[in-house]
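Subject: Structure handover and notes

Dear colleague,

I am passing on the structure we spoke about, and my notes on it follow directly below. Please read them next to the coordinates.

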Amino acid sequence: MASAYFLSLTPAGLYCPAGDFFVDPLRPVPRALITHAHSDHARAGHGAVLATRETLEIMAIRLGSAFAGSTQTVAYGDQLRLGAIDVSFHPAGHVLGSAQIRMADRTCVIVASGDYKREADPTCAPFEPLSCNVFITEATFGLPVFRRSKTKDEIEKLLASQSLFPERAHLVGAYALGKAQRIIALLRAAGYDRPIYLHGGVEKLTAFYQGRGIELGELRSVALSDRAKLAGEIVICPPGALQDLWSRKFPDPVAALASGWMRVRARARQRGVELPLVISDHADWDGLTQTIIETGCEKALVTHGEAEALVHWARGAGIEAEPLHLLGYGDEENGQPATEESA
């Protein structure tokens, strides 16, 4: 990164010497600002962690209460001074509590967006475009092929399959943090009022969402149910469970997977997915390009994903751009290594 900006790239990740903090560091550091609680961004062992209340609470659920030496809650829009840098957190629209981090001195504003999406999501605050000089953007789906169907249409596809095959259980693979709860909320918005069954791997975080006031309707535990009697029901489970022995006790299960990668049919076939649902918690190509334009940034730094394509587009639009080579980020979404998880 150019020395004119107050962030530098280190083995631990992005570091701001003027504020003495790291953003989503890859290894334990003295002070970390965390954009959201997915495990590729939120790790244990930091001396101090600053994040939204929801992110801190989810980190405690997933990592244990002693995940950091100390924590500090930062509400959306609140400004704090760290060294010579003014810092504030703003909604990213990715999952509950997710944030963009705005950093400014007297000469420059940098926004680190973390992971974000532009689609409406009833389970988290919507993305807030921020004006800045430098915008750090993900590029998980940074190719023009990733222009998605409307999420509403994908939910209707699921409900149509359930109606067509009432003798079969529909198992929907959805990542435990954010995606599972969003699928449930979208089903409710579509008028589905029957009980929805949950794999144990998504129960705890779903209960957390409910505790934060997210309405999800009647939910039942698969562990307390007779799986053989769940014909015609919808079951939400981690993606990896679709191929487990666990899934075989349901009546003729339909394997569905909610992921942006389901746009690529070969991926659906490789994973044995009968009903691919193109639903993602990341911005698609149009969302990425729209956001870069809306920020009015002079420079875009592009990380994890298809960086080169988005850099090429930005330069063609007259915006200075370069890839930001941060290793270790993915998006645990599909329960596979980071290079395969983004969805």
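Is aspartate 20 buried, partly exposed or exposed? At 42% relative accessibility, aspartate 20 counts as partly exposed, where buried stands for under 20% relative accessible area, exposed for over 50%, and partly exposed for what lies in between, computed with a 1.4 Å probe on protein chains only.

Before the rest, a note on the basis of these values. This is a predicted model, in which local features need pLDDT of at least 70 and side-chain atom pairs count only at pLDDT 80 or more, while totals for chains, interfaces and linings use all residues. Residues are numbered from 1 along each chain as its sequence is written, and side-chain values use heavy atoms, with hydrogens and water left out.

Backbone angles

Aspartate 20 lies in the loop between strand S2 (13–16) and strand S3 (21–23); helices (H or I, at least four residues) and strands (E, at least two) are DSSP runs, numbered from the N terminus. The phi of aspartate 20 is near 55°, a positive value in a residue other than glycine. Aspartate 252, in the loop between strand S15 (234–237) and strand S16 (254–258), also has a positive phi, near 40°, and is partly exposed with a relative accessible area of 46%. As background, most residues other than glycine have a negative phi.

Domains

The protein chain is divided into domain 1 (8–145 + 282–323) and domain 2 (151–277), with bounds that come from an automatic or database domain assignment. Taken over C-alpha atoms, the centres of the two domains are separated by 29 Å, and the contact between them (heavy atoms within 4.5 Å) takes 19 residues from domain 1 and 17 residues from domain 2.

Aspartate 281 and helix H6

Aspartate 281 is found in the loop between strand S17 (275–277) and helix H6 (285–295), and it is buried, with a relative accessible area of 1%. Its side chain makes a polar contact with the side chain of lysine 117 at 3.4 Å; a polar contact is a pair of N or O atoms within 3.5 Å, of which, within protein, one must be able to donate a hydrogen and the other to accept it, and residues adjacent in sequence count only if both atoms are side-chain atoms. The side chain of aspartate 281 also reaches the backbone nitrogen of lysine 179, at 3.4 Å.

The buried residues of H6 include Trp285, Leu288 and Ile292, and its buried residues pack against S11, S18 and H7. Just after H6, glycine 296 takes a positive phi of about 65°.

Cavity and pocket

The structure holds one cavity of 30 Å³ or more. On a 1 Å grid over the protein atoms alone, a cavity is a set of points where a 1.4 Å probe fits but cannot get out, a pocket is an open set with protein on both sides within 12 Å along at least five of seven lines, and lining residues have an atom within 4 Å of a point. Grid points are joined across faces, edges and corners, and a volume is the space filled by probe spheres set on the points.

About 120 Å³ of space lies in the largest cavity, and of the 15 residues that line it, the closest to its centre are Leu14, Asp24, Gly114, Thr303 and Leu326. Strand S11 (134–139) and strand S18 (299–305) are the elements that give two or more residues to this lining, and S11 gives the most, with three residues. By class, the lining of the largest cavity has six nonpolar, seven polar and two charged residues; Ala, Val, Leu, Ile, Met, Phe, Trp, Tyr, Cys and Pro count as nonpolar, Asp, Glu, Lys and Arg as charged, and the others, Gly among them, as polar.

The second largest pocket holds about 160 Å³ of space, and its lining has one nonpolar, four polar and six charged residues. Among the residues that line this pocket are Lys117, Asp284 and Gly287.

Valine 111

Valine 111, in strand S10 (residues 109–112), is buried, with a relative accessible area of 0%. The C-alpha atoms of valine 111 and alanine 300 are separated by 9.8 Å, although the two are 189 residues apart along the chain.

Best regards
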